[in-house]
Amino acid sequence: MKNIFFRIALFTGLAVTGCNDSFLEKLPITGVTEDNAFNSYDNFKAFMWPCYTMFNNTTIRTSTNANGVGQDGQYGGDVDAGYFEKKGFNGYNMFAYQTKGSVTSGNGWDFESFVRRINIMLSHLDSADMTQEEKNHWKSVGYFFHSFWYMELIDRFGDIPWVEKVLNETSEEKFAPRMDRKEVAAKVMERLKWAEEHIGDFEKRDGENTIDVDCIRAVISRFGLREGTWRKYHEIEGGQTFFDECVRTSELLMDSYKELYKGTDIQPAAGYGEMWTTEDLSKVPGIILYKAHVKDINPVSGCHMEHTSSHNIEMNQNTVDLYLMKNGKPIGNPDSKYNGDKNMYQTFRDRDPRLYHVVMPPYKVEASGKDKPEENPGASWGYTSDRADREYIDLLGANYTTSNPGIGMKRLPGQNWSASLIPEIPRLGTGAFVTCRSGYYVWKLWSNWEQNFNQSAVNVSDMPIFKIEEVLLNYAEAKAELGQFDQAIADKTINKLRERAGVAKMTVSEIDDNFDPQRPSYYPKGTSFDREDKDKGGVKVPALLWEVRRERIIELMGEGFGFYDVRRWRMAPWFTNRTATGIWVSKEYALKNNMTLYNQMTGFSDGIDGKMTEGYLYLFNDPVKEGKGWDDKYYLYQVPTDEILLNPNLTQNPGW
């Protein structure tokens, strides 16, 4: 049974952020002021509830905000990383084409929304009418949220002012300079470890699905890997301690969460897909913390949006090419048995089934229903005479219903929000429902079993915040960076994920320099990406480490980790400077859909009068040949200029 009260208090609009205490007015307390609001355990609990909205704050790339179009929620980080793009004609990557402009305010530089609230709470702990154990508990919760937000601030800005007290107009700390990243990160880790040791086991008092020791360990695991790799590849000393903490806490969580969710649907890799389409994640193995949604209380529109013309996220050919074959081989491996990319059916055939849960597979049906499925003669559609058109319908399961909601998680053929038939995929365009320009339509949040209405947020699928899958990947990568990744580690981590997905296990002894001929390079400090010589100044990513990273990219695809990852690996140029293209088509097909082919020789469109007869769909120009490309200043965010005007002791990040 879901804890409905907690879900209401935690995730509705009543839970305001910042130093606005109006949230307390929703409680049965009269005359609430800062002087009398911090006496009892329940006072502290009520005051800290708004901090949970941190997890759907859209300045965090892994935001669980599922309202609005995709880039405003969890997809944004993967758009910026170059894994996805927006489907419009102006949907190019703002970092590859250097359209990320200067900012005067905002940009994630925020010490009011959460830091001030947390510091207010911490300042009242000593005088509260609670036991020392209870005080330690709320100090731990405060340290958790303060550290989680600072983890994000460090990632954005590097050096950052450290604020651990309540500031007012006369506080000298308001004009403090930025503290060195190493010192801030050390403070964050120190607080997280203190919280890990002192947080209480108060689930009955705080409610289900609240911050506990496992949440703290999940953040240490994430922060340890993030900071350790950033330091290694951005030439900052001290990464070993962070790798060690990632390994330690990941092992503790792996001992506590041994089982992966296998799912309930008939589809391959159902447990992977259902992680984002399930009504109640409290019953799902491996979930550490999640954002809950309840009908008529705090529903969202993530699934609904992907059934409409407003959804604007698509995948490009480069990212599709990262997916392994079901036999565990990269498509460039001589033993991969890759079917080629000359049509979408071939491209998807025998691929890692996780691809089918992120991108809608190809199919074609007859809208007339003249050859109706024998299993359901009442269906409103029929199969074509070409059996290839039903390959992925048979794989994922046929969608026979015209009702809303329908049957199952993801079924083919698809329907829009009103259950109108989508007769085929790929479906090119920018205007009609369930269309995109690349042909690779992203549908990670789509489920048939959720109800959808036009212009209405009624979806109730919960969204994971921390889950064991990420922890397994953190652990695997940290071990690889430490030179300790072997078959035993692979079996404990990556191979558990592959077994659920239906992909052949990773055999470490097979992975050598020839395993993936398309293995990329990273670009150490002082080097640059060159389109004519991709390895100029670059260093090949070690073969085994690349396969570990690939697994992370695929397992977490569409969850917002991309921009964090490509920056901490110092690989952003390799990902963002590759030209985004779509499926391989004939020129006739492209022109029929008001599109053109991409000319790899020129880096631009071949145009309507070009000589090419077939090729990849043109989406955008080659950013490097256009004179743009990733600028290393993007590794850190710009400090807003208004903040520097207000505090002359602040410095700007390089290049801004």
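**Entry 1: ground rules.** I am looking at a predicted model, where local features need pLDDT of at least 70, side-chain atom pairs count only at pLDDT 80 or more, and totals for chains, interfaces and linings use all residues. Residues are numbered from 1 along each chain as its sequence is written, and side-chain values use heavy atoms, with hydrogens and water left out.

**Entry 2: the count.** I looked up salt bridges (a side-chain nitrogen of Lys or Arg within 4 Å of a carboxyl oxygen of Asp or Glu). The structure holds 39 of them.

**Entry 3: Arg222 and Glu470.** I found these two side chains joined in a salt bridge, at 2.8 Å from N to O. Arg222 sits in helix α8 (residues 213–233) and Glu470 in helix α16 (residues 468–481), so this pair ties together parts 248 residues apart in sequence. Helices here are DSSP runs of H or I with at least four residues, strands are runs of E with at least two, and both are numbered from the N terminus. Are Arg222 and Glu470 buried or exposed? Both are buried, meaning under 20% relative accessible area, while exposed is over 50% and partly exposed lies in between (1.4 Å probe, protein chains only).

**Entry 4: Glu477 and Arg568.** I saw helix α16 again, as Glu477 lies there and its partner Arg568 lies in helix α20, 91 residues apart.

**Entry 5: a network.** Which residues are linked in a network of salt bridges? I noted Asp352, Arg354, Glu469, Arg498, Arg500, Glu551 and Glu555.
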